[in-house]
Amino acid sequence: MGAGGPRRGAGPPDGGWGWVVLGACFVITGFAYGFPKAVSVFFQELKHDFGAGYSDTAWVSSIMLAMLYGTGPLSSILVTRFGCRPVMLAGGLLAAAGMILASFASRLLELYLTAGVLTGLGLALNFQPSLIMLGLYFERRRPLANGLAAAGSPVFLSTLSPLGQLLGERFGWRGGFLLFGGLLLHCCACGAVMRPPPGPPSPPRPDPTENRAPSGGRARRRLLDVAVCTDRAFVVYLVTKFLMALGLFVPAILLVNYAKDAGVPDAEAAFLLSIVGFVDIVARPACGALAGLTRLRPHVPYLFSLALLANGLTDLISARARSYGTLVAFCIAFGLSYGMVGALQFEVLMATVGAPRFPSALGLVLLVEAVAVLIGPPSAGRLVDALKNYEIIFYLAGCEVALAGVFMAVTTYCCLRCSKGAPSGPDAAGGASDTEDAEAERDPEPMPASTEEPGSLEALEVLSPRAGSPGPDPEVEAVSGLGHESV
């Protein structure tokens with residue numbers, strides 16, 4: 001593993017230098033989620049200078065978001081190959097270079113390639129490694145750490161947009177892009193503090209010439225562990241995230257226009273998003289602290305499902321809201337549930353797959369989320385243009401998010417119940433299949449004892465028996481140990 005990459009030690013320190021890492025994750029998360037939205041304050045000037053429409057200029061933020069989510073597998077491969085720190089340093093330079101080069105753009109295509117592709121890729125190369133490193137430093141306090149890191153999103157969103165507006169007024173969009181590029185260099189400083197947690201010395205790296213299996217000549221290194229897709233718990237989480245991403249962001253995107261359509265003045269309509277942001281800032285760390293309680297932590301999947309269900313029901317109940325008071329109530333309820341979802345989503349994934357497989361799992365999750373984001377909000381916009389009605393959009397978004405919550409809860413509960421009711425005898429009806437028996441005969445070694453970590457998730461462990469046990473080294477694995485789980 002490269003410098004700063006994930007490596008196994010005696011256990012996460014749950015403090016110490018981990019608080020510095022947490023602060024860096026807070027900044028990176030804020031840039032990753034807040035920056036694509038903050039760039040939108042320059043769109044009016046871009047339309048004037050390039051003679052383009054709003055949809056043409058909006059592609060800058062869309063490409064940036066697509067790169068942030070869609071390059072997840074690439075980021076996983078780079079982290080596995082080089083480590084977290086080098087990848088984050090390179091990502092910070094790419095993100096800054098993209099905005100600096102964009103300030104000299106003379107065509108929209110140049111903006112797409114610089115501010116869109118380069119900056120989006122740079123943010124992606126910072127976001128994913130920061131979450132990986134956070135999981136290596138925290139275990140007992142991991143829910144709280146995830147909640148505090150996730151709070152960077154609403155904090156930076158509420159500060160970067162006014163800052164962009166101020167820079168645009170004083171220096172124009174070119175000066176604003178140039179200064180934003182300098183601001184993104186802070187990602188390099190955040191990457192520099194991502195040193196690996198203390199632990200026993202790593203074994204010597206194997207000779208690359210010997211990194212071959214004796215039979216078949218297959219490489220032993222797996223830069224992207226796609227075998228995680230055979231994990232039932234991970235598949236449940238993946239489907240949940242896809243359904244969630246279809247509708248979760250739609251109400252926030254359409255909220256201001258929906259309020260204006262209801263007759264709310266422009267200034268008061270814009271303030272509704274600020275209400276969502278302020279509530280979100282409080283909800284994320286509070287939910288992280290709540291999920292870390294001893295009695296609640298084993299049931300975090302159900303807490304995550306409850307947050308999704310509450311968010312979906314909020315959309316459904318508020319679809320016919322027309323007065324400003326009901327819209328404010330919607331923003332408070334939406335901000336609470338949205339903050340809970342943001343605080344718990346990566347905690348559930350970490351508990352599902354474990355630290356060794358988390359880089360690959362996160363990359364695949366972000367890729368699936370990118371597909372859903374490219375389907376959900378654009379489809380909602382087209383429906384609004386066609387139907388001239390926002391209510392049906394809120395109904396659809398609410399149904400999608402609520403369905404994600406119900407699917408997560410029911411699937412987890414059913415698998416837990418089936419596991420408890422499964423017969424243990426080898427000759428019992430419904431026992432192991434002939435194929436499984438044959439595999440057991442070929443592999444007479446007993447399975448290692450489970451080393452359940454404190455606060456592990458019972459429901460997810462039923463879905464994924466290996467989630468709580470220490471996995472193999474994510475960088476080098478023997479092909480003979482993959483068995484039928486390899487893809």
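The model is predicted, so local features are described only at pLDDT of at least 70 and side-chain atom pairs only at pLDDT 80 or more, while totals for chains, interfaces and linings use all residues. Residues are numbered from 1 along each chain as its sequence is written, and side-chain values rest on heavy atoms, with hydrogens and water left out.

**Overall picture**

The protein has 18 helices and 0 strands (DSSP runs numbered from the N terminus: H or I of at least four residues for helices, E of at least two for strands). Of its 487 residues, 49% are buried; here buried means under 20% relative accessible area, exposed over 50%, and partly exposed in between, with a 1.4 Å probe and protein chains only. Among contacts (heavy atoms within 4.5 Å) with a separation of 6 or more, 86% join residues 24 or more positions apart.

**Salt bridges**

The structure holds 7 salt bridges, each defined as a side-chain nitrogen of Lys or Arg within 4 Å of a carboxyl oxygen of Asp or Glu. Three of them are listed here.

| Pair | N to O distance |
|---|---|
| Glu-347 and Arg-142 | 2.9 Å |
| Asp-280 and Arg-284 | 2.8 Å |
| Glu-391 and Arg-320 | 3.2 Å |

Glu-347 and Arg-142 meet in a salt bridge that links distant parts of the chain, from helix α14 to helix α7, 205 residues apart. Both Glu-347 and Arg-142 are buried. By contrast, Asp-280 and Arg-284 sit 4 residues apart, about one turn, in helix α12, and both are buried as well.

Glu-391 pairs with Arg-320, joining helix α16 to the loop between α13 and α14 across 71 residues of sequence. Glu-391 counts as buried because its relative accessibility is 19%, whereas Arg-320, at 58%, counts as exposed. Finally, shared partners tie Arg-142, Arg-297 and Glu-347 into one salt-bridge network.

**Two buried side chains**

Gln-345 lies in helix α14 and is buried at 8% relative accessibility. Its side chain makes a polar contact with that of Lys-241 at 2.5 Å (N or O atoms within 3.5 Å; within protein, one able to donate a hydrogen and the other to accept it, and residues adjacent in sequence counting only if both atoms are side-chain atoms). Beyond its neighbours within four places in sequence, Gln-345 is in contact with Tyr-33, Tyr-237, Lys-241, Met-244 and Phe-304.

Leu-246, in helix α10, is buried at 13%. Setting aside residues up to four places away, Leu-246 touches Ala-372, Ile-375, Gly-376, Pro-377 and Glu-400.

**Cysteines**

How many disulfides does the structure hold? There are 0, a disulfide being a pair of cysteine sulfur atoms within 2.5 Å. For Cys-188, the nearest cysteine sulfur is that of Cys-187, 7.0 Å away. Cys-188 is buried at 14%, while Cys-399 is partly exposed at 44%.

**A nonpolar patch**

Leu-383, Leu-387, Ile-392 and Leu-396 form a nonpolar surface patch with about 300 Å² of accessible area together. The elements giving two or more residues to the patch are α15 and α16. Ile-392 lies in α16 and is partly exposed at 35%. Patch residues have over 30% relative accessible area and no salt bridge; like charges are joined within 9 Å, and nonpolar side chains (Val, Leu, Ile, Met, Phe, Trp, Tyr) within 5 Å.

Methods
Areas by Shrake-Rupley, 256 points an atom, 1.4 Å probe, with all protein chains shown as cover.
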